[in-house]
Each structure stands twice: as C-alpha cells, then as structure tokens.
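I opened my notebook to look up a few things in this structure. Come along and check each entry with me.

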Amino acid sequence: MTQHPKTQTSQTSHTQNNATTPIRHVKVAIIGAGTAGHNAYRQVRKATDSVVIINEGIWSTTCTTIGCMPSKLLIAAGERAHHAKHSDDFGIEGAATINGKQVMARVRRERDHFASYPLKNAAEWGEEHKIYGRAVIVNHAETKSALIAAHTATGATQLIAAEHMIIATGSKPFVPDGWRDSLGDLLITSDTIFELPDLPKSLAVIGTGAIGLELAQAMSRLGVAVALFNRSDNVGGIKDDKVNAKAVACLSNELDLRLNTSITAVRRQQGDGDNRSQAVIDYTDLNDTNMDDTNINNTAQTWTGDLVLVATGRRNSIDKMGLEHLGIELDDNNRPKDMDKSNGKIKDKNVYIVGDANAYRPLLHETSNEGYLAGLSVALRLNRANVDNGANVDNVDNVDNSDNVDNVDNVDNSDNDPAINIRNAIASDADISAQSPILADITEHKAQAPATLMSVIFSEPQIMAVGHTLKSIEARGIPYVIGEVSFENQGRSRIMGVNCGLLRLYVCQKDIRARHIEADDGSQENPKTRGNLQQGQILGACMVGPAAEYIAHILATAITNNVTVAGLLDSPFYHPTILEGLRTALRDAKGQLTANAND
Ligand SMILES: Cc1cc2nc3c(=O)[nH]c(=O)nc-3n(C[C@H](O)[C@H](O)[C@H](O)COP(=O)(O)OP(=O)(O)OC[C@H]3O[C@@H](n4cnc5c(N)ncnc54)[C@H](O)[C@@H]3O)c2cc1C
C-alpha cells in the first residue's frame, strides 16, 4: 500500500438514470466500507445473503489507513525523539539523530499491518456482495422510487433497490476554498501526510483541533520546524476555559503556537538557491487588536516554509448524496434530522446514517458502535419479518453477539471490546434467534451504545473530555461543584517530569430531577438515571495532563454506572501513581459537597 486510494475523489451527479438499466433488488444495501460499514455488514450478513456493500476506494478503514493508527505511530516516533533529546534534567544528555525516511517508513509499515486486517476481512466477503464504486441516491422516474446508483470504476452504473439502507460514507478533510489551487502539492492533509517519503524541514499546521495538534506536536518533536496556527485561542476543542488556558500554557513550552491569527492568503513562491517552491502564509495576529477591536495595530506577518498541513476540520458529504430523494432532511451542520443517535436510524424510514457520515460523534468507538448497532437493528428486523412471514429460518444463525464490535480496526481484541455494554444490554434476552419466542419483545432500542461521551487527544500532555460539558450541565439546570487538581505538584507526575496539567471534575451538588435537552455537544441522557441525579454523581470532566486517557476511562465508567464521588473514593488508589491526582480532585469535590451540606 503506497499511494493511498482513499485520497481519490470523484464527484458524481444525481443524473436521471437510463430507464433500460436493470434494477437489482436486495434486502440491505450498505454504502461505505469503513469501520461502520464493516461492522454493519458483519451483523447484517448473519441474517441475510441479500446484501450489497458499495465502496469507493480501498476496502480498509480510515482509522487504520489514514487516521487513528498512523497518527499514533507518528506520535510514538515523536515521543521517542523528544525523550532522547530532552532528558538533560534527569542527567541524561545526548542528541538524537532522526532519520526521517526511516520514521516515515515505519509509520507506513505498521500502518499497512493494521490496515491489512480489514482488507483481509473484506476479501473474504462474497464478490457478489461487493460493488466497487461511488453510490448516490437517485430518483428513478420509471418506478417512481428512490434507488441507489452505484457508479463503478469501469464507468458502468448499477441501480439497486434496497429494503434497508445503511449509509456509512465517513468524512474527508475540509480545505478552505482556493487553497489547493494556491498551494498545489505544497498543501497536505491527514489523507496524504503519512505518504511523505521524508520529514520536511518546516511545516505550517493550520488548525489546533485533535488532528492538527497531534500531528503538529509529533512533527515538531521529530525536528521539523512547526508553526501551529489557529484563528481562536482554543486548542483541542476544549470546552472548559480554565483547562484550555492550562493546555495552551503546557503546549507553549515546546510548540510554536500562533493562536488568534487570521490567515489572509496562502501562496507559493520560488525558493532561492535550490529552486524548490516554498509555501507562504500571510496572516495577521489578532492578539494585536486594539481594545476597541479596530484592528489597526494588527501587523501583517508572513510564514514561509516547506509544506502546509491543513487540519481545519473534517466534513461529511451526505449533502451531495441525493438524500432528499429519500425524504431525509439535514440541519445546518449537515447532520440528519430525526435520527436515533445510538444506531443512526432515521425516524419512520428504513435508512440508517452511521459513523462520521452523520457528523454527530466522529470518533472511532462511536462509529464502530453505530455501525454495529445499525447492522444489528436491520438483522433483528429481517428476522422478525422472517418469523412474521413464517419463513424457514432454521439455518439462520442470526445475530451473534459474541462478536467483537471493534475488531475491524484492531488485531488483538481480547481485551478491547467496547461492545460489552451493548452485549450486556441484550444479553439478558440471551436467545435472540429468529425462532425465539422472545423475539417479538426485542427491538433495536434494547441494544444501545454507552451514552457517555468520551474523547481523548494524544498530545503531550494529553487532553480529554468525558460526560457532559459545563455548558450542557448549566443548560440542564443542574447545580454543580467542580473538583480540581493541578498536576504541577502531583507526586508521580513530578517524578516522571510530566507535571503540567489540570483536571476539572463536574459533580452534581444535590439530588435533582434534571431537565432533558438536546445538547449541541451530542451528550445524551444516561439511560440508567433518566435524569434523576443524586448528590455526588459525576456529570463530566475535562482535563489536560498526564495519563488523561486512563483517567477518562475511569470517569466514563463511573458516569455510565452511576458511581458517585464517594463510591470512587471507596476504591483503592495505588501509590505513587498519576491516578492519585484523580483522587485529589474527587476529594476536592467531596469537600465542597460536605461544606454545602453544612450550609
Ligand atoms: C488523522 C486522524 C486521526 C484520528 N484519530 C482518532 C483517534 O485517535 N481516536 C478516535 O476515536 N478517532 C480518531 N479519528 C476518527 C476516526 O478515524 C473516524 O471517526 C472513523 O474512522 C470513521 O469511520 P467511518 O466508518 O465513519 O468512515 P470511514 O472509515 O472513512 O469509511 C467510509 C468509507 O465510505 C467510502 N465512501 C464515501 N462516500 C462514498 C460513496 N458515495 N459511495 C461509496 N463509498 C463511499 C469511503 O471511501 C470510505 O471507504 C481520527 C481520524 C483522523 C483522520
């Protein structure tokens, strides 16, 4: 796998199709074979052979090929270099020699290893199920119905009528208008960065979201002169101002952060000497803005260097798929309206939109769950229809929940099973085969993904958010206290020399019935509480600091299972660990709850 086929794009219009084109009828059509599509296919396949999956590009996943895995591989290389170069304080001196070609070769070698697993799975699927091409929904005049038009690489178009449709078309990097023309091959995105044969000397990274931050820091640690631009002073999409300020302070120690900057132009210019073109960014520093916002002090500035990595967010493309022919409406953020967020089902339609395609929670574990649950939901519906129709389904093994929902992106799944909650949710019904007398009771609503939001950014220090944001807690009218800990003097963090960070823990102040709202941040009601909150219940947290990935998981588990501050403090904390920092924040919250109780 050298040049990545996922980077190819082709625009296909919803042309009215030729009336003579034969129509293929299937029970289920899946569009997109990334993580969500793979998971959906595996579930659906257990209930029916009448399925097609249409995919443009490589039959692996974004996560393994150009996403989670290669980015973490680059970060791992950066971490090694950083510790080799910056251990003087420990009395360890020396300079690391970085071989850029080897760094990138390892990233690709290991990436190809991870990507080979989904590829292998897809290779085992029946060829009759697979269509290689780009799908759109068209209005078929003759049958007066919405059909899938799959435009294949050979130029042929196949028309498909599907009883159930799962749309799992992912997302793509967003590049501001005109930038590709202005910068040409000096512009890279996360789709192309891992294909670089060598490390550049200098790199501008535009955007301090998760992807920009992770890649900028990794490159910087590998000796690339990185300038990281953002139009606001927010990093990592952090939604707690105090944590954001701390993150900026920690990251500024090693990164050239150019926050609050406005890019006025991007261009290329002829380089001197070796004649290689260089990228140029013209920008103004909004920090120079006068108090009255007149901008007159803003000085025009210029960055010049090898390459520009555009990390200005990712966009789905379902607005270009002809969903209007299915009667599906999108909101201003290109998100489907009337959608069940756990499995992507559109209300009153046999259509599911899952993973990054629905743009609600574009994270791997969410994508994975949604694809699995959509497939499961369709499989259950098909089984129920089979039973209702008296069909012979004896040999249908139906929906086997022993599968690991996540295994398309991981090699060893033995200890990596985010589906456990989903399985538990339906495990009490044990037998969900088509012959089961309890089948009638089983609806797809019983199978739900964990409602607790969790995100982690693998910068150093790491950044995490879990549960509700402060904004959503306040919107729901929940009284809260904030337990805090700074990692500056946290024992183990100091030992390790990673003592920069802040954890803020949002805790329910008193028993309350909370208002239910559709929060902008995608947070949902915990099905276990249904809004009945008790004093000490953990509502959410935000953190920048060491070991944030583990603290996020502990808190997500606590939130999901209604473990209170007192309940968590009843658990042992080993000494000396970074997790003792979590205990300090819990104690801080507990102290405030006690003080308030005595008021
Ligand atoms: C650099 C980077 C780092 C990331 N790191 C993390 C991380 O650390 N943790 C985390 O949780 N998440 C991370 N993510 C996000 C995660 O990778 C995505 O949420 C996830 O991969 C989305 O999976 P998906 O199934 O929705 O889409 P994809 O895996 O992108 O699959 C969509 C498929 O549909 C195909 N397709 C699109 N349109 C059509 C069409 N019209 N017809 C046919 N086929 C079509 C595409 O070619 C593609 O094969 C990262 C993403 C990136 C880019």
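**Entry 1: the helix α4.** I looked up which residues of α4 are buried, and found Val 103, Met 104, Val 107, Arg 108, Arg 111, Phe 114, Ala 115, Pro 118 and Ala 122. The model is a predicted one, I noted. A handy reminder: an α-helix has 3.6 residues a turn, so residues three or four places apart point the same way. Next I asked what the buried residues of α4 pack against. Their partners are α1 (35-45), α2 (62-66) and α3 (68-85).

Entry 2: I checked the span of α4, residues 100-124.

Entry 3: I traced an open sheet of 5 strands with parallel pairing, in the order β7-β14-β8-β9-β10. The edges are β7 (187-188) and β10 (256-258); each has a single partner strand, so one side of each lacks a neighbour in the sheet. Strand β9 (residues 225-229) runs parallel to β10, and 3 bridges join them. For Phe 229, I found the bridge partner Arg 258 in β10.

**Entry 4: the ligand.** How many residues surround the ligand? I found 35, and the closest are Gly 32, Gly 34, Gly 67, Gly 170 and Gly 355. Elements giving two or more residues to this shell include α1, α2, α3 and α8 (364-388). By class, the shell has 15 nonpolar, 16 polar and 4 charged residues.

Note on methods
Residues are numbered from 1 along each chain as its sequence is written. This is a predicted model: local features need pLDDT of at least 70, side-chain atom pairs count only at pLDDT 80 or more; totals for chains, interfaces and linings use all residues. Helices (H or I, at least four residues) and strands (E, at least two) are DSSP runs, numbered from the N terminus. The expected span of a helix is 1.5 Å times one less than its number of residues. A residue is buried if 20 or more other C-beta atoms lie within 10 Å of its own, exposed if 12 or fewer, and partly exposed in between; C-beta atoms are placed from the backbone. Two residues are in contact if their C-beta atoms, placed from the backbone, lie within 7 Å. Two strands pair if DSSP finds at least two bridges between them. A residue is near a molecule or strand if its C-beta atom, placed from the backbone, lies within 6 Å of it. Ala, Val, Leu, Ile, Met, Phe, Trp, Tyr, Cys and Pro count as nonpolar, Asp, Glu, Lys and Arg as charged, and the others, Gly among them, as polar.
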